[in-house]
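Hi,

Here is the structure I promised to pass on. Have a look at it first, and then read my notes below.

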Amino acid sequence: MLEIRAIEVAYGDIQVLWGINLEVHQGEIVSIIGSNGAGKSTLIRTISGLIRPLRGDIFYRGTMITHQPPSEIVMRGISQVPEGRKLFSGMTVQENLMMGSYCRNNRQEIEEDLNFVYHLFPRLAERRKQIAGTLSGGEQQMSAIGRALMSRPQLLLIDELSLGLSPLLVDNLMEAIGQVHRRGTSILLVEQDVQIALEHAHRGYVLETGRIVLSGLSKDLLENPEVRRSYLGI
Ligand code: ATP
């Protein structure tokens, strides 16, 4: 459903992505792993239309979306959970969630999706009137995931789900992501925590200083000596 062909991205004169090719098929969970500064966020932001690539193309369901504005890309069915959550900190949980549905007008479907988010994260239902800036890190991540789900995406991009959260909380969030996936949403997950990323994904790509150096089935990557040495410390 998503096909990235030979994408190159630069910030000013400094090129950070080189010839990236990547695919996500319908129904898949795909991980991009790599260390700090490898270019993972840059790639996710390029797919979302927030960064314009120098070269290369991105196709979504057969349509080229490379130079489309982010709002159009959301309307086509791709939404992003950004690194650092980026909530509207002065607004309530529910107002943040509703911001995710800004491009839709079917009130009944919006209501259904709000109920789904509250079913997925009962903690958010309890705190729907709480100001987002006062939530814990985990609750903020739930809100950011919920906000992305409010556009009813077919492809969900998640940038660093686990960052700064306890292992137990990350397990709960991954369980919720599993439910979203079982409901029919494909997932592209960017993670520094390689174990988590590969345990939950069907396939993975390893990004190193702006280049894909390895890709394959998650179970094969987890057994790959290079991955084990460089990313799992084994
Ligand atoms: P992290 O998880 O630490 O964010 P990452 O793999 O997501 O790492 P990116 O954030 O995509 O990596 O950064 C890739 C490279 O681009 C890094 O060298 C970074 O310093 C640089 N970079 C990122 N954002 C900008 C920017 N706005 N302007 C200039 N350089 C940037």
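This is a predicted model: local features need pLDDT of at least 70, side-chain atom pairs count only at pLDDT 80 or more; totals for chains, interfaces and linings use all residues.

**The chain overall**

You'll find ten helices and ten strands in the chain. Its C-alpha atoms fill a box of roughly 45 × 40 × 30 Å along the principal axes. The radius of gyration is 17 Å, which agrees with the value near 17 Å that a compact globule of 234 residues would have. Buried residues make up 53% of those 234. If you take the contacts with a separation of 6 or more, 68% of them are between residues 24 or more positions apart.

**The ligand site**

There are 13 residues around the ligand, and the ones that come nearest are Asn36, Gly37, Lys40, Ser41 and Thr42. Helix α1 (residues 40-47) gives the largest share of this shell, with three residues. By type, the shell divides into seven polar, three charged and three nonpolar residues.

- Threonine 42: a side-chain N or O atom is 2.5 Å from an oxygen atom of the ligand.
- Serine 41: here a backbone N or O atom lies 2.7 Å from a ligand oxygen.
- Asparagine 36: a side-chain N or O atom is 2.9 Å from an oxygen of the ligand.

On its own the ligand has 630 Å² of accessible area, and the protein covers 57% of that.

**Two glutamines**

Glutamine 68 sits in the loop between β5 (63-64) and α2 (70-76). It counts as buried because its relative accessible area is 17%, below the 20% cut-off. Its side chain makes a polar contact of 2.8 Å with the side chain of arginine 76. Setting aside neighbours within four places in sequence, glutamine 68 is in contact with Gly49, Thr63, Ile73 and Arg76.

Glutamine 94 is in helix α3 (residues 93-99). With 26% relative accessibility, this residue counts as partly exposed. Beyond its neighbours within four places in sequence, glutamine 94 is in contact with Leu114, Tyr118 and Arg128.

Cheers

Terms used:
Residues are numbered from 1 along each chain as its sequence is written. Side-chain values use heavy atoms; hydrogens and water are left out. Helices (H or I, at least four residues) and strands (E, at least two) are DSSP runs, numbered from the N terminus. Buried means under 20% relative accessible area, exposed over 50%, partly exposed in between (1.4 Å probe, protein chains only). Contact means heavy atoms within 4.5 Å. A residue is near a molecule or strand if one of its heavy atoms lies within 4 Å of it. A polar contact is a pair of N or O atoms within 3.5 Å; within protein, one must be able to donate a hydrogen and the other to accept it, and residues adjacent in sequence count only if both atoms are side-chain atoms. Accessible areas come from the Shrake-Rupley method with a 1.4 Å probe; for residues, only the protein chains shown count as cover. Ala, Val, Leu, Ile, Met, Phe, Trp, Tyr, Cys and Pro count as nonpolar, Asp, Glu, Lys and Arg as charged, and the others, Gly among them, as polar. The radius of gyration is taken over C-alpha atoms; the globule rule is 2.2 Å times the number of residues to the power 0.38.
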